[in-house]
Amino acid sequence: MGSARSVRTCLSAMVAVLLGATGCVSVVSAAPEPVDLRPNVVVILADDLDSATTPVWQAMPRTAALIRDRGMEFTDAFAPMPICCAARASILTGEYGHNTGVLTNAGEVGGFETFRARGNESHTIATALHGAGYRTGMAGKYLNGLEDDPGHIPPGWDDWHAGVDNFLYSGYNYTLNENGTFVKYGVAPEDYETDVIRAKSERFLTDAAAAGQPFFWYAASTAPHFPIPPAPRHLADTRPTAAPRSPNYQEPDVSDKPSWLIDTANPRAATITVTNDPDYTNRLGALKSLDEMVAGIVETLDRTGELDNTYLVFTSDNGYSLGAHRLTQKMAPYEESMRVPLAIAGPGIRPGRSGAMALSTDLAPTIFDWAGLPIPERVDGRSLTPVLAGETAGWRGDFVAEYGGPGSEGRDGIAQEQIPGTDTPLIYTLDMPSWSALRTDRYLYARWYERERPLDQREYELYDLRTDPYQLTNLIKTPEGRAAHADLVTALDRRLAALTTCAGVTCR
Ligand SMILES: [Ca+2]
Ligand SMILES: [Ca+2]
């Protein structure tokens, strides 16, 4: 149409001072509709990729070069809810598990159904950005339990390609809900999950760039989550590799640990001896395709002219224990479960590293900031934009971490990591009770059996990470240890109690 309309233009503060103006002027223009210059956001989410033990950047050299080296690496990034569904719920909403209601993968405090029933789908990154005029899309893993309602497409997503069965974890034979149509993938090399998600990513980015609309893309392969194998082209160069033997690998003395771990340590240690290194080899092989996917995404952004106006986030939903403390899997309050890789590149971010504590809950508010959106009061995380600009004054020095056990069912633990729907042997089944923990820059303080047992039957752990970074000696297992650290425990417990019920600003 080209009709004249009023465009409100804000001047930079310096220009405003020079002109003696308020900073904003109204001008009448007959120009065509202005191009929307708001930045794009691409989140690439790995599954169960730990950063405590796995040399992530060495295993993913393209990702290191294209995101980490062009942006900010967070060396102290954590998943406060270190299991898939709870972690993804926190990424999507910016809220802790006690506020999303999702503390594990299934049951009354976990899974997709709980996420939806609690109303979380009305206020995600996707709904906020879609509502602000972004084109939004995803491919891969949404939330554990989506298989119970495979036709469901949550609000806020313009382009939806979610896995709707647990075959997704095997890399083949899975079905995606592709914007309402179920598409079954087979066992041919081109059906390999990460490559399919790469193709979906490149298609979305190409189309969105052509449309001239700012976009948000969420690429969520299950790599390197057990049991996804390397892509066929990577099988030959995936050599058997032993997982790094950290000082806490197969921790010889676990008598300081909570009773559930002591009671199950020996059979699990035997399993770890057999399975851990083949699992690690598989994971390294699966990361090769994920690394190529990242490269494909960055190349597509470059080719379409969008790279300089796109924020790229690479991270994982949670960490993973490669035999630390005689544990596989995640869900534990220990470093291996909670530490995740995090690198962010994009407009205005100077290359560097930051030791600021960054949490899964920070991603949503950071993205809102980039898109120029207000951060809703209910969000528990903090925008990382000051840290990305090099400002860390007043940044957090602690956070609460949480995991939900079976609660009212009254058992000490429940199997959370089976792979139903596949014929994969359940060799990694793990029983773990619930806990809540306070992680400060110096201590880890954990309360076990948070949901299963009355107060007087709970168990506690305290580690001084300055002297014991591998969490080998729980300082409060014995009465003498508890007496020696009584004041410290009182202070940590008070802070933990406050954070386990925090909401919005009181969490930040
Ligand atoms: Ca995971
Ligand atoms: Ca020990």
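Axes are lines fitted to C-alpha atoms, for helices over the stretch in contact, and angles between N-to-C directions run from 0 to 180 degrees. This is a predicted model, in which local features need pLDDT of at least 70 and side-chain atom pairs count only at pLDDT 80 or more, while totals for chains, interfaces and linings use all residues. Residues are numbered from 1 along each chain as its sequence is written, chains are lettered from A and ligands numbered from 1 in the order in which they are written, and side-chain values use heavy atoms, with hydrogens and water left out.

**View 1. Packing of helix 3 (residues 61-68) against helix 10.** The two axes lie 7 Å apart and meet at an angle of about 35 degrees; helices (H or I, at least four residues) and strands (E, at least two) are DSSP runs, numbered from the N terminus. The crossing of helix 3 and helix 10 is left-handed, a term used if the near helix is turned anticlockwise from the far one by less than a right angle. Helix 3 contributes Pro61, Arg62, Thr63, Leu66 and Ile67 to the contact, and helix 10 contributes Asp291, Glu292, Val294, Ala295 and Val298; contact means heavy atoms within 4.5 Å.

**View 2. The site of the calcium ion (ligand 1).** Its protein donors are Asp47 (OD), Asp48 (OD), Cys84 (SG), Asp317 (OD), Asp317 (OD) and Asn318 (OD1), at 2.2 to 2.7 Å. Donors are N, O and S atoms within 2.8 Å of the metal (3.2 Å for Na, K and Ca); water is not among the atoms, so sites may look incomplete. Along the chain, the donors of this ion follow the spacing D-D-x35-C-x232-D-N. Asp317 is buried at 0% relative accessibility, and Asn318 is likewise buried at 0%; buried means under 20% relative accessible area, exposed over 50%, and partly exposed in between (1.4 Å probe, protein chains only).

**View 3. The site of the calcium ion (ligand 2).** Glu251 (OE), Asp253 (O), Asp256 (OD) and Leu472 (O) coordinate the ion at 2.2 to 2.6 Å. Asp256 lies in the loop between helix 9 (232-235) and helix 10 (259-303), and Leu472 in the loop between strand 20 (459-464) and helix 14 (479-484), so the pair ties together parts 216 residues apart in sequence. Asp256 is buried at 8% relative accessibility, whereas Leu472 is partly exposed at 28%.

View 4. Asn177 is buried, with a relative accessibility of 0%. Leaving aside neighbours within four places in sequence, the residues in contact with Asn177 include Pro150, His152, Trp160, His161 and Phe182.
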